[in-house]
Amino acid sequence: MYGLKLAGLEAQEKRTEFKVSDITVGRDFLVIAGPCSVESEEQVMKAAEIVKKAGANMLRGGAYKPRTSPYSFQGLGRVGLQYLKKAGDAFGLPIVTEVTDTRDVFLISEYADVLQIGTRNMQNYSLLVEVGRCGRPVLLKRGMNATIEEWLNCAEYIMKEGNHDVILCERGIRTVETYTRNTLDLSAVAALKELTHLPVVVDPSHATGRAEMIGPMSLSAVMAGCDGLEIEVHPSPKDALSDSAQQLDEEGFDALMEKVRRTIKFRESLYE
Ligand code: PEP
Ligand code: MN
């Protein structure tokens, strides 16, 4: 379907699985957690400690931030990558970070275990080609205005370059609704299971923009059949330099992880 030669189920019946350190993506449930932005060494170290203790298996944090306003915090760049890597190493967590520019792919590949393509760059074809050649797995977020067909074709761009280690991330789309930052399209998770063998992760943080909604949306995403979650966690959300309203604190993330584990068990019991 959709002219997919690599990403479609027609190309490969077996679900994609690949290793990132000792995690098998596509089999082990992924929990990618950490701050929206890397702000300081101390902040990302503390965030890593919090997410590791609660049971996350990858650390996220933006060093190159694609912000709506050019006057907003743009990220720490290379030094941010260094802080993120140090925190990941300290707590045994592979790191996931966004690349926004073809010129940074090489540098970011030296630090990151997984390169993230953000919603604003989903259809940046030269960037997709470049990450297709970088030798690292890629987490491809859904464009906020993109159809599932367009999104899968972007995965195809990466795979066509020889990189088959692609994770799809549903992060909400633009609809008429304004109460939430975006509208989390959980039907996309079910649809993708019919269309592709690639693993699917859900980001309830950018989808809702509201910390109090992360819990219910995470558990719903698990029940919809996702292979993992990407969640923003900050040691002190009110002081965050970006996305303050949607980041969970230590207590919130601990409580959520307990419920996520129970929900995964329940889901498994349904399909035994
Ligand atoms: C992010 O995950 O840091 C991010 C900017 O998300 P999105 O591209 O989905 O807005
Ligand atoms: Mn964010």
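A polar contact here is a pair of N or O atoms within 3.5 Å; within protein, one must be able to donate a hydrogen and the other to accept it, and residues adjacent in sequence count only if both atoms are side-chain atoms. The model is predicted: local features need pLDDT of at least 70, side-chain atom pairs count only at pLDDT 80 or more, and totals for chains, interfaces and linings use all residues. Residues are numbered from 1 along each chain as its sequence is written, chains are lettered from A and ligands numbered from 1 in the order in which they are written, and side-chain values use heavy atoms, with hydrogens and water left out.

1. Lysine 193. A polar contact of 2.6 Å joins its side chain to that of aspartate 227. Lysine 193 sits in helix α6 (residues 186-195); helices are DSSP runs of H or I, at least four residues, and strands runs of E, at least two, numbered from the N terminus. Lysine 193 is buried, at 17% relative accessible area. Buried means under 20%, exposed over 50%, partly exposed in between (1.4 Å probe, protein chains only). Beyond neighbours within four places in sequence, lysine 193 has contacts (heavy atoms within 4.5 Å) that include Leu9, Arg15 and Leu198.

2. Cysteine 36 lies in the loop between β3 and α1 and histidine 206 in helix α7 (residues 204-208), so the pair ties together parts 170 residues apart in sequence. Both cysteine 36 and histidine 206 are buried.

3. Helix α9. Phe253, Leu256, Met257, Val260, Thr263, Ile264 and Arg267 are buried in α9. They cover an arc of only 130 degrees around the axis, so they lie on the same side of α9. The arc is taken from the directions from the helix axis to the C-beta atoms. Glu251, Arg262 and Lys265 are exposed on the other side. The cover over the buried residues includes β3 (30-34) and α8 (211-224).

4. Cysteines. With a disulfide defined as a pair of cysteine sulfur atoms within 2.5 Å, the count is 0. For cysteine 134, the nearest cysteine sulfur, that of cysteine 154, is 16 Å away.
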